[in-house]
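Here is a report on one predicted model.

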Amino acid sequence: MEVNCLSKFAMRGQWDNIVQAYENNPMSREVKLTRSGDTALQIAAAAGQTNIVSELVEIHGKKMHQTF
């Protein structure tokens, strides 16, 4: 998934697409989407999207656990 797509999803509030990207593409979790280096997770947190933040953290944790 391209950075531009993730950025558009985040800026448009298309959080389901961000969750899907986190599930399907591990690199999407590390992509810096803003000039200050924010990830989609950080943007969701700043936007007060607590349910989305919880989902993204859970996905990140599960995927990290699977690699060990």
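## Loop, helix and core

G13 lies in the loop between α1 and α2. Helices here are DSSP runs (H or I, at least four residues), numbered from the N terminus. G13 follows α1 and has a positive phi, near 75°. Because its relative accessible area is 37%, G13 counts as partly exposed. The classes are buried (under 20% relative accessible area), exposed (over 50%) and partly exposed (in between), with a 1.4 Å probe and protein chains only.

This is a predicted model: local features need pLDDT of at least 70, side-chain atom pairs count only at pLDDT 80 or more, and totals for chains, interfaces and linings use all residues. Residues are numbered from 1 along each chain as its sequence is written, and side-chain values use heavy atoms, with hydrogens and water left out.

Confidence comes next. pLDDT is the predictor's confidence in each residue, from 0 to 100. The protein chain averages 89, and 88% of the residues score at least 70. Among its elements, α3 has the highest mean pLDDT (96) and α4 the lowest (84).

Which residues of helix α1 are buried? In this helix, residues 3-12, they are L6, S7, F9 and A10. They sit on the same side of α1 because they cover an arc of only 160° around the axis. That arc is taken from the directions from the helix axis to the C-beta atoms. N4, M11 and R12 are exposed on the other side of α1. The cover over the buried residues includes α2 (15-24) and α3 (40-46).

The largest nonpolar core has 17 residues. Such a core is a set of buried Ala, Val, Leu, Ile, Met, Phe, Trp, Tyr and Cys residues joined through side-chain atoms within 4.5 Å. W15, I18, L33 and L56 have the most contacts inside this core. Two or more residues come from each of α1, α2, α3 and α4 (50-67). α2 gives the most, with five residues.

L33 is in contact (heavy atoms within 4.5 Å) with V3, L6, S7, A10, D38, T39, A40 and I43, leaving aside its neighbours within four places in sequence.

Q20 is found in helix α2. It counts as partly exposed because its relative accessibility is 44%.
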